[in-house]
Amino acid sequence: MNLRHLSDTELHSETLRIARAERKILTELFHHLLEVQRRRLFSAYGKESLKTYCVESLGYSPDEAGRRIAALSVFASVPSIEEKLNSAELTLTHLLDAKSLFTQEANAGRALSIEKKVEVLNAMTGVATRDAFAVAQSFSPEPREKLRKLDVDHETLDLLQELQDLLAHANPKVSKSDLIKQLVRQKISELRIEPAAPRKVSKAEVLREVVRKADYKCENCGSRHALEIDHILPRALGGTDDPKNLRTLCRNCNQRAAIERFGLRKMDPFINRVRERQMAYRPGPANPRGSVEDGPFLAPVNFFVGSQDAGMG
Ligand SMILES: [Zn+2]
């Protein structure tokens with residue numbers, strides 16, 4: 001499938017259309033799974049449960065199957081949410097957050113009535129997925145905080161355990177999650193320390209100041225990921241390194257800005273390949289690349305001057 005001939009508007013509306021179709025597929029899947037369950041059809045295929053059927057016959061991972069079946073139980077008890085699922089006012093994530101409230105309340109001996117469940121789902125309708133859990137929890141007298149999964153390797157777990165053991169006297173109850181939080185906070189404040197009294201201002205310091213002024217966020221979308229310095233008037237068009245001509249963008253926004261300035265055809269070879277050359281300001285201890293040994297949390301944050309890579313910022 002080659003989509004290169006589509007205009008930006010066409011590409012956007014096509015993508016919207018497909019996402020809508022995908023949501024419709026989810027509710028169709030729910031209807032089918034409910035009927036498979038009603039007929040115990042999985043048994044005819046030698047599977048012990050709907051979940052096993054989802055994994056072994058339909059090819060979902062155990063995690064994906066578990067999520068769909070948990071959401072399915074919400075869908076089954078409140079079928080009136082189908083339209084909201086189709087229109088994306090409710091998503092799989094909303095249903096899972098509702099489900100964890102329903103389970104938690106049932107386990108605490110406060111099982112919700114159907115009417116109450118409808119009320120919860122109405123309150124969650126149209127709420128951003130990141131806020132859905134808190135909205136659901138507001139219906140509980142003992143609201144919880146959502147725990148997020150984080151994949152860590154065994155070595156990291158062992159290191160956290162060692163640290164936990166070392167801290168056991170002072171703080172026997174500290175969790176691994178708390179330890180990570182403390183370490184990350186400490187590292188962030190280290191990296192944000194203001195430079196000492198200005199000597200000759202180096203280029204790195206200029207860049208650092210630009211990023212600090214932007215509160216360490218992309219000035220277009222607010223992301224903190226892979227920040228880069230962008231020349232507002234590109235250097236290729238006579239723009240200078242004066243701080244007034246510099247702004248902080250995330251890599252994606254910087255790339256989009258370059259595409260809008262120079263055209264996709266010209267930028268394609270630069271941005272759609274693995275970028276290796278990096279330049280710029282690296283706060284914190286000297287460490288050229290943030291090596292693997294630093295682990296995923298403590299590697300230095302790097303700011304790249306992206307457009308300079310392409311030689312046209
Ligand atoms: Zn951005």
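Helices here are DSSP runs of H or I of at least four residues, and strands are runs of E of at least two, both numbered from the N terminus; on that basis the protein chain comes to 15 helices and two strands. What we are looking at is a predicted model, in which local features need pLDDT of at least 70, side-chain atom pairs count only at pLDDT 80 or more, and totals for chains, interfaces and linings use all residues. Residues are numbered from 1 along each chain as its sequence is written.

Let me turn to burial. Of the 313 residues, 19% count as buried, meaning that 20 or more other C-beta atoms, placed from the backbone, lie within 10 Å of the residue's own.

Helix α7, residues 114–124, has Lys117, Val120, Leu121 and Met124 as its buried residues. Seen down the axis of α7, these fall within an arc of 95°, taken over the directions from the helix axis to the C-beta atoms, so they line one face of the helix. An α-helix has 3.6 residues a turn, so residues three or four places apart point the same way. The buried residues of α7 pack against α4, α6 (92–107) and α8 (129–137), where a contact requires C-beta atoms, placed from the backbone, within 7 Å. Just after α7, Gly126 takes a positive phi of about 80°.

Note on methods:
Buried ≥ 20, exposed ≤ 12 C-beta atoms within 10 Å, placed from the backbone. Contact = placed C-beta atoms within 7 Å.
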